[in-house]
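Open the model in your viewer and keep the selection panel at hand. The stops below go from one ligand to the other and then to a pair of side chains.

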Amino acid sequence: MNLELTETQTLIRDTARKFAKERVAPRARTIDREEYFPTELFKELGEVGLLGVNIPARYGGSEAGVVSYALAMMEVSAACASTSVAMAVTNMCAELINAYGTDAQREKFVTKLASGEAIVGSFALSEPHAGSDPGALLTSAVRKGDKWVLNGSKQWITSGAYAGVMVVWARTSPAGNKGLSAFIVEGGTKGLIIGKHEDKMGLRASNTVSLTFEDCEIPADQILGKEGDGFKLAMVALDGGRIGIASQACGVARAALDASVRYTKDRKAFGQAVAEFQAPRFMMADMKVQLAAAELLTFRAAHLKENGKPFTREASMAKLYASEMANRVCDKAVQLHGGYGYIDEFPVERYFRDARVQTIYEGTSEIQRMVIARETFKLFS
Ligand code: CAA
Ligand code: FAD
């Protein structure tokens with residue numbers, strides 16, 4: 001694995017860094033406070049190529065690969081994790097449709113997602129009673145003539161109220177994991193009802209809603225992949241999605257460490273800068289080492305995916321370590337700020353709140369350990 005960035009990767013990172021600094025960071029605190037979903041920002045993210053980083057140019061993507069995607073996610077996440085989670089889910093939906101869709105589906109839906117025309121995408125897998133265990137989901141899809149008719153409820157759907165294109169999982173037969181299929185549903189389809197917006201601890205500018213499908217009819221050709229292949233499609237998408245969330249964790253942790261360095265250099269106690277005491281310096285040294293380890297795990301998983309190698313275990317390792325690292329690093333960042341770390345005048349309290357969900361969504365830490373153990377044991381069977 002080459003640790004030097006290619007020209008394309010450097011370009012994507014610098015584009016994302018500039019965009020994050022100029023367009024995302026200045027509004028991050030306000031949109032968090034006001035729980036405002038920045039629709040206009042996603043149109044711009046589409047214009048600069050960040051909603052389809054690993055999507056072919058012919059469908060409006062940047063065709064820049066998975067490492068570039070990880071780099072872009074890190075930059076936007078360092079500015080605002082609420083914005084980056086919607087960016088992550090949009091890229092994830094676009095990649096899934098690109099990988100498993102028909103030419104017509106790619107033409108219509110991948111292009112809409114990558115360009116920002118769809119605003120964002122949503123990934124509707126979890127249900128009120130089935131999060132870690134999506135094989136138990138109950139939403140049904142029944143074929144009637146040239147339509148599929150969806151009925152049921154989804155829970156925790158990121159960007160659900162704003163998404164122009166959603167990938168929705170539903171049961172097409174009672175056969176457990178093998179009875180699931182994936183469907184493309186457009187925002188505004190009759191019978192798709194947007195539920196209550198969740199009042200969250202963090203990611204407050206991200207939209208999280210329940211969805212209800214009441215005799216929601218979609219054209220028969222909006223099934224994604226083959227009937228019964230839905231569980232596999234979800235797993236494949238989540239493998240890639242976990243690289244996105246690992247990158248998000250790295251971005252948020254980096255922002256927390258940078259803020260801590262700046263603050264402790266400035267803040268005086270006992271007649272000297274806090275940064276001159278050994279205890280805070282050692283704390284920041286440990287934060288830096290853990291961050292670097294998480295970045296390397298994330299880039300390794302991204303590199304494997306980019307090169308068509310198996311990466312399921314490596315993506316879970318990156319997601320597990322990076323999300324737990326971000327929680328530790330953000331906790332220390334609050335500590336290093338003293339009382340000022342606990343108020344919203346400084347950004348570290350937001351980083352701390354935003355990091356918390358990273359060990360929960362896209363598979364909890366316990367689920368990542370199950371995947372890592374399963375894949376490790378496979379090597380010995
Ligand atoms: N790639 C391809 N196929 C896979 C796979 C993968 N990564 N993982 C499993 N499969 C296949 C298996 O090979 C198996 O196939 P066969 O039946 O043909 O042998 C089949 O899928 C079933 O596999 P398991 O028996 O391992 O399935 P399981 O029911 O035990 O579940 C699990 C495994 C890893 C726990 C899985 O259910 C899981 O990942 N759960 C977590 C769900 C999750 O992460 N949800 C996130 C929702 S999206 C989100 O959260 C977005 C956001 O926040 C922004
Ligand atoms: P449960 O599955 O009920 O788990 C509860 C606890 O039990 C956890 O600690 C878990 O690790 C543990 N547990 C469960 N099974 C096992 C086991 N076999 N072994 C050991 N421990 C176990 N979902 C989507 O589909 N799309 C989205 O866009 C989306 N966005 C989200 C955004 C936010 C802000 C949040 C909070 C969630 C989002 N989710 C989304 C859902 C998320 O993926 C689930 O919350 C997550 O997978 C956990 O499922 P659960 O909440 O049902 O918890």
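How do the residues of the shell around ligand 1 divide into nonpolar, polar and charged? They divide into 12 nonpolar, seven polar and six charged; here Ala, Val, Leu, Ile, Met, Phe, Trp, Tyr, Cys and Pro count as nonpolar, Asp, Glu, Lys and Arg as charged, and the others, Gly among them, as polar.

Before selecting anything, note that this is a predicted model, in which local features need pLDDT of at least 70, side-chain atom pairs count only at pLDDT 80 or more, and totals for chains, interfaces and linings use all residues. Residues are numbered from 1 along each chain as its sequence is written, chains are lettered from A and ligands numbered from 1 in the order in which they are written, and side-chain values use heavy atoms, with hydrogens and water left out.

**Stop 1: ligand 1**

Select ligand 1 and the 25 residues that surround it (a heavy atom within 4 Å). The closest are Ser132, Lys178, Asp239, Arg242 and Glu362.

Now show polar contacts, meaning pairs of N or O atoms within 3.5 Å; within protein, one must be able to donate a hydrogen and the other to accept it, and residues adjacent in sequence count only if both atoms are side-chain atoms. An oxygen atom of ligand 1 has a polar side-chain atom of Lys178 at 2.5 Å. For Arg242, a polar side-chain atom lies 2.8 Å from an oxygen atom of the ligand. Glu362 uses its backbone instead: an N or O atom there is 2.8 Å from an oxygen atom of ligand 1. On its own, ligand 1 has 1,100 Å² of accessible area (Shrake-Rupley method, 1.4 Å probe; for residues, only the protein chains shown count as cover), and the protein covers 70% of that.

Next, colour by element, using helices (H or I, at least four residues) and strands (E, at least two) as DSSP runs numbered from the N terminus. H6 gives the most to this shell, with seven residues.

**Stop 2: ligand 2**

Move to ligand 2, which has 16 residues around it. Phe123, Ser132, Trp156, Thr364 and Glu366 come nearest. Which types make up this shell? Eight residues are nonpolar, five polar and three charged.

For Glu366, a side-chain N or O atom is 2.6 Å from an oxygen atom of the ligand. The protein covers 64% of the 970 Å² of accessible area that ligand 2 has on its own. Strand E3 (147–158) and helix H10 (365–378) each give two or more residues to the shell, and E3 gives the most, with three.

**Stop 3: a salt bridge**

Finally, select Arg17 and Glu75, whose side chains meet in a salt bridge at 3.0 Å, N to O. The term means a side-chain nitrogen of Lys or Arg within 4 Å of a carboxyl oxygen of Asp or Glu. Arg17 is in helix H1 (residues 7–34) and Glu75 in helix H3 (residues 65–79), 58 residues apart. The structure holds 22 salt bridges.
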